[in-house]
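Colleague: I am new to this structure and would like to learn how to read its features, one after another. Could we go through them together?

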Amino acid sequence: MSVGWRWEYDPDHAHVAGGIPAHVVTEVERLAGQLVDLADMGVDVSD
């Protein structure tokens, strides 16, 4: 991502995940990481 570019609306962690139990946030982050790994390998997760 370009250094000069960013979302017009850039919420912080508290706004996005505030009130969600830490173990749920951890699991979502783990699953998102696995999706990124699959995409890096060229796997189409929509199949």
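Modeller: The chain has two helices and zero strands, where helices (H or I, at least four residues) and strands (E, at least two) are DSSP runs, numbered from the N terminus. This is a predicted model, in which local features need pLDDT of at least 70 and side-chain atom pairs count only at pLDDT 80 or more, while totals for chains, interfaces and linings use all residues. Residues are numbered from 1 along each chain as its sequence is written, and side-chain values use heavy atoms, with hydrogens and water left out.

Colleague: What span should helix 2 have, and what follows helix 2?

Modeller: The expected span is 1.5 Å times one less than the number of residues. Helix 2 holds 19 residues (residues 22-40), so it should span 27 Å, and its end C-alpha atoms agree, being 27 Å apart. After helix 2 comes G42, with a positive phi near 85°.

Colleague: Which side chains meet in a salt bridge?

Modeller: Side chains of opposite charge can pair when their charged atoms come close. A salt bridge is a side-chain nitrogen of Lys or Arg within 4 Å of a carboxyl oxygen of Asp or Glu, and the structure holds one: R30 and E27 meet at 2.6 Å, N to O. These residues are three apart in helix 2, so about one helical turn separates them.
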